[in-house]
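Let's take a walk through this model together, one region at a time. Please have the sequence and the 3D view open as you read.

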Amino acid sequence: MDVVDKVFKALADPTRRRLLDQLHRENGQTLTALCEHMDMTRQAVTQHLQLLEDANLVAIVWQGREKLHYLNPVPLHEIYGRWIEKFERSRLGALRDLKKRLEGSDDEKA
Amino acid sequence: MKKPDYVYVTYIATTAEKLWQALIDTDITRQYWVDPSAGCARVNVSDWKPGSRWEHRRVDETGTVDIVGKVVETTPPRRLVLSWARPSDADNDAKHSRVSFDIEPYAGGLVRLTVTHDDLAGDLQMLEGISGGWPKVLSNLKTLLETGRALPHSPAAN
């Protein structure tokens, strides 16, 4: 599966979005700490975390025998650049063109 | 051992050597290290020898230095560790946090870059700046190395 597909798939689930929100509140949590706030089995949380990890939305750091989960927003910024910023820029460009048409050329103005 | 404050990971289709160069070469850094709040590019300036000073400088007429620190470890092209502080705290080691760049070859022609920021010691202002800054810088870096352009291509720009 494409990297972008994995990110969208990982985000298309309320439980996984909740896990990301929890990591945003407190970064670097263990599975046990994350389970405390989730109303489901440890095994189910593990599976959701694995999908987030595969999509690179969660990064893992081992500290001794503890597996710590970190929110990794880098793929979200890639999506932002690819799917949001681009359209935003066209809209800003359209506004600039409109302004130019209404006000005349923006060159040579004091 | 304290746990890291932030861990950022990105997979880039490039080589470890090119990625290393992109971290230390100011001609490359200025193309992707853009701080949206300052609206200008930044570069990291140093001779990159362990113990040397490094500076995070704006690329504009002011050349303002926003962050300073020492080079803690240099192992090209695998690992770069820097201390990180405001210029006013340059001589106060207790106020220095720590940034590590780890570069590892990964499957499928990808290189894995992990940026770890430790010892921020609850410095809220710095935490905020960093959590907004790194993801943007790293996603720009990935785009630059993979496409040769720092920012996503916009059809409107044609």
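This is a predicted model: local features need pLDDT of at least 70, side-chain atom pairs count only at pLDDT 80 or more; totals for chains, interfaces and linings use all residues.

Residues are numbered from 1 along each chain as its sequence is written, while chains are lettered from A and ligands numbered from 1 in the order in which they are written.

Start with the layout of chain A. Domain 1 covers 3-72 and domain 2 covers 73-103, with bounds that come from an automatic or database domain assignment. Their centres, taken over C-alpha atoms, are separated by 31 Å. Seven residues of domain 1 of chain A are in contact with four residues of domain 2 of chain A; contact here asks for C-beta atoms, placed from the backbone, within 7 Å.

Now look at two helices of chain A, H2 (residues 14-25) and H4 (residues 42-54), whose axes lie 10 Å apart at an angle of about 75 degrees. Helices are DSSP runs of H or I with at least four residues, strands are runs of E with at least two, and both are numbered from the N terminus. The axes are lines fitted to C-alpha atoms over the stretch in contact, and angles run from 0 to 180 degrees between N-to-C directions. H2(A) and H4(A) are therefore roughly perpendicular to each other, a label for angles of 65 to 115 degrees. From H2(A), Thr15(A), Arg16(A) and Leu19(A) meet His48(A), Leu49(A), Leu51(A) and Leu52(A) of H4(A).

H4 of chain A also holds Gln50(A). Is this residue buried or exposed? Gln50(A) counts as exposed because it has 12 C-beta neighbours inside 10 Å; exposed means 12 or fewer such neighbours, buried means 20 or more, and partly exposed lies in between.

Next, turn to chain B. The contact between the chains takes 20 residues from chain A and 20 residues from chain B. On the chain A side, H5(A) gives the most, with ten residues.

Finally, the largest nonpolar core has 44 residues, and Val58(A), Tyr8(B) and Leu19(B) have the most contacts inside it. Such a core is a set of buried Ala, Val, Leu, Ile, Met, Phe, Trp, Tyr and Cys residues joined through C-beta atoms within 7 Å. Helix H3 (residues 124-147) of chain B brings the largest share of this core, seven residues.

Conventions. Two residues are in contact if their C-beta atoms, placed from the backbone, lie within 7 Å. Angles under 35 degrees count as roughly parallel, over 145 as roughly antiparallel, 65 to 115 as roughly perpendicular and the rest as oblique.
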